[in-house]
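Good morning, colleagues. I would like to take a few minutes to walk you through one structure, which is now coming up on the screen.

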Amino acid sequence: MDLDKGDSSDEDEARLLGTDLIEIKDLGTGDICQFAGVDASAYQVLEYSDLLDLLVDVQKTDLDNTGLPFVAEDWTGAFQWILTIPAGATRSILAGTGGNQASPVKTVSKVVIPTMGKWALFILGLLLLNLTLFFIQRSKISCSN
């Protein structure tokens with residue numbers, strides 16, 4: 001998340017308030033914002049766009065609980081959840097932001113892992129689609145001869 005409070009982006013301070021709560025303050029205006037990642041496994045804070053570059057490259061990235069306290073730069077932060085989700089189960093991931101108040105936490109993602117039976121049906125459907133396209137293509141070729 002890249003929060004820019006006030007008119008500038010390079011006067012941010014941030015500190016860890018708890019294992020999953022970061023407070024960001026704009027030094028120019030004094031505005032305060034909180035960023036929460038409920039039960040997150042890790043966080044990382046860097047100057048914009050260093051964290052974005054780290055997350056969108058081709059390498060696997062695990063956040064490493066570094067970057068705080070953060071002083072007088074353009075703040076960017078992220079939370080990471082490391083989860084094991086059984087087939088057919090769901091798990092909610094909670095995160096949120098709040099400005100000049102306690103952080104409202106909202107569900108931002110719900111992950112559903114298909115069961116083996118659903119995967120088998122999906123693969124069977126793809127196979128039938130390929131066979132259908134094969135026979136359609138084959139019949140076009142034999143009609144033109």
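I begin with isoleucine 136, which is found in helix H2, residues 116-144. Please keep in mind throughout that this is a predicted model. Isoleucine 136 has a relative accessibility of 40%, so it counts as partly exposed. It also belongs to a nonpolar patch on the surface, together with Phe122, Ile123, Leu126, Leu129 and Leu133. The accessible area of that patch comes to about 570 Å².

**The strands**

Let me turn to the strands, starting with E1, residues 12-18. A hairpin of 2 residues connects E1 to E2, and the two strands run antiparallel, joined by 6 bridges. Within this pairing, alanine 14 has isoleucine 24 of E2 as its bridge partner.

Strand E2, residues 21-26, is in turn joined to E3 by 5 bridges, again in an antiparallel arrangement. What stands opposite isoleucine 24 in E3? The answer is cysteine 33. Likewise, isoleucine 22 stands opposite phenylalanine 35 in E3. The hairpin formed by E2 and E3 has 5 residues between the strands, and in its turn glycine 30 has a positive phi of about 85°.

Strand E3 also pairs with strand E7, residues 90-99, through 5 bridges, and these two strands run antiparallel as well. Here glycine 37 has alanine 95 of E7 as its bridge partner. Why is E3 described as largely enclosed by the rest of the structure? The reason is that 5 of the 6 residues in this strand, which spans 32-37, are buried.

**The nonpolar core**

In soluble globular proteins, nonpolar side chains tend to be buried together. In this model, the largest nonpolar core has 13 residues. The members with the most contacts inside it are Ala14, Ile22, Ile24, Val45, Leu68 and Trp75. At least two residues of this core come from each of E2, E3, strand E4 (42-47) and strand E6 (75-80).

Leucine 68 deserves a separate word. Setting aside neighbours within four places in sequence, its contacts are Ala14, Arg15, Leu16, Ile22, Tyr43 and Val45.

**Threonine 76**

Strand E6 also contains threonine 76. Is this residue buried or exposed? Its relative accessible area is 6%, and therefore threonine 76 is buried. If residues up to four places away in sequence are not counted, threonine 76 touches Met1, Asp2, Gln44, Val45, Leu46, Glu47, Tyr48 and Leu51. Aspartate 50 lies 26 residues from threonine 76 along the chain, with 8.3 Å separating their C-alpha atoms.

**Salt bridges**

Finally, I come to the charged side chains. How many salt bridges does the structure hold? There are 2.

One of them links glutamate 23 and arginine 15, with the closest N and O atoms 2.8 Å apart. Glutamate 23 has a relative accessible area of 14%, which is under 20%, so it is buried. Arginine 15, at 45% relative accessibility, counts as partly exposed.

Lysine 60 and aspartate 62 also meet in a salt bridge, at 2.6 Å from N to O. Lysine 60 is exposed because its relative accessibility of 70% is over 50%. Aspartate 62, with a relative accessible area of 42%, is partly exposed.

Thank you for your attention.

Definitions and conventions:
Residues are numbered from 1 along each chain as its sequence is written. This is a predicted model: local features need pLDDT of at least 70, side-chain atom pairs count only at pLDDT 80 or more; totals for chains, interfaces and linings use all residues. Side-chain values use heavy atoms; hydrogens and water are left out. Buried means under 20% relative accessible area, exposed over 50%, partly exposed in between (1.4 Å probe, protein chains only). Helices (H or I, at least four residues) and strands (E, at least two) are DSSP runs, numbered from the N terminus. Two strands pair if DSSP finds at least two bridges between them. A nonpolar core is a set of buried Ala, Val, Leu, Ile, Met, Phe, Trp, Tyr and Cys residues joined through side-chain atoms within 4.5 Å. Contact means heavy atoms within 4.5 Å. Patches are made of residues with over 30% relative accessible area and no salt bridge: like charges are joined within 9 Å, nonpolar side chains (Val, Leu, Ile, Met, Phe, Trp, Tyr) within 5 Å. Accessible areas come from the Shrake-Rupley method with a 1.4 Å probe; for residues, only the protein chains shown count as cover. A salt bridge is a side-chain nitrogen of Lys or Arg within 4 Å of a carboxyl oxygen of Asp or Glu.
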